[in-house]
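User: I would like a close look at one part of this chain, followed by an account of how the rest is put together. Please keep to the model itself.

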Amino acid sequence: MFDQKKSTNYHLQFTNEIGAGSTVLGNLEGNGHFRVGGDFIGNITEAKDSQGTLVIDKNGVLKGDVHYTNLIVAGRIEGSITVDEKMEVYPSAVIRGDIRYKILDIHPDAKVDGLLSCAALDKTNSLDSGVLELKPNKKSA
């Protein structure tokens, strides 16, 4: 499931890239597919209507919050994550922060420390409408 042949990041044409050995400090609004192979300190959000994928490579480190349509993590993230569609977490990944997602695929060897919250559950009908209230019976003597 996580081998190179099935990995989506090998088929992406990256619009932007932070290479290994580079360090960037600041916030970024990405448009299209974006790859972080170095260190990024700040928040990364996706431009409106971009529908891109953010990839944190095996040697990539992101210290900040993320909001992107799709996210592939093989490196490290320290911060809150919001993914509108699909998130893939590879065996080498280390994530410290809460994750809000629609579809989540985590490899068993990945390390994730945070709360997981599925956005898809927000759109389903609440179970409250089907709950019956049970009242205790009064025994007559």
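In the loop between which two strands is the place of D49?

Analyst: D49 sits in the loop that runs between β6 (44-46) and β7 (53-56). The model is a predicted one, in which local features need pLDDT of at least 70 and side-chain atom pairs count only at pLDDT 80 or more, while totals for chains, interfaces and linings use all residues. Numbering starts from 1 along each chain as its sequence is written, and side-chain values use heavy atoms, with hydrogens and water left out. Strands here are DSSP runs (E, at least two residues) and helices are runs of H or I of at least four residues, both numbered from the N terminus.

The backbone at D49 has a positive phi of about 65°, although D49 is not a glycine. Most residues other than glycine have a negative phi. D49 is exposed, with a relative accessible area of 67%; exposed means over 50%, buried under 20%, and partly exposed in between, with a 1.4 Å probe and protein chains only. The loop between β6 and β7 also holds Q51. Q51, again not a glycine, has a positive phi of about 55°, and Q51 is exposed at 54% relative accessible area.

A nonpolar core is a set of buried Ala, Val, Leu, Ile, Met, Phe, Trp, Tyr and Cys residues joined through side-chain atoms within 4.5 Å. This core has 23 residues, and L54, L71 and M87 touch the most other members. A second, separate core of five residues includes L12, V55, I72 and Y90.

Not counting residues up to four places away in sequence, L54 touches F34, V36, I44, V66, Y68, N70, L71 and I72, where contact means heavy atoms within 4.5 Å. L71 in turn has M87 of β13 as its bridge partner. β10 and β13 pair in the parallel sense over three bridges; two strands pair if DSSP finds at least two bridges between them. β13 also pairs with β16, in the parallel sense and over four bridges, and K86 stands opposite I103 in β16.

Strand β16 (residues 103-106) also contains I106, which counts as partly exposed at 31% relative accessibility. I106, V112 and L116 form a nonpolar surface patch with about 210 Å² of accessible area together. Such a patch joins nonpolar side chains (Val, Leu, Ile, Met, Phe, Trp, Tyr) within 5 Å, and like charges within 9 Å, among residues with over 30% relative accessible area and no salt bridge. A salt bridge is a side-chain nitrogen of Lys or Arg within 4 Å of a carboxyl oxygen of Asp or Glu. Accessible areas come from the Shrake-Rupley method with a 1.4 Å probe, and for residues only the protein chains shown count as cover.

As for the whole chain, there are zero helices and 18 strands. Buried residues make up 38% of its 141 residues.
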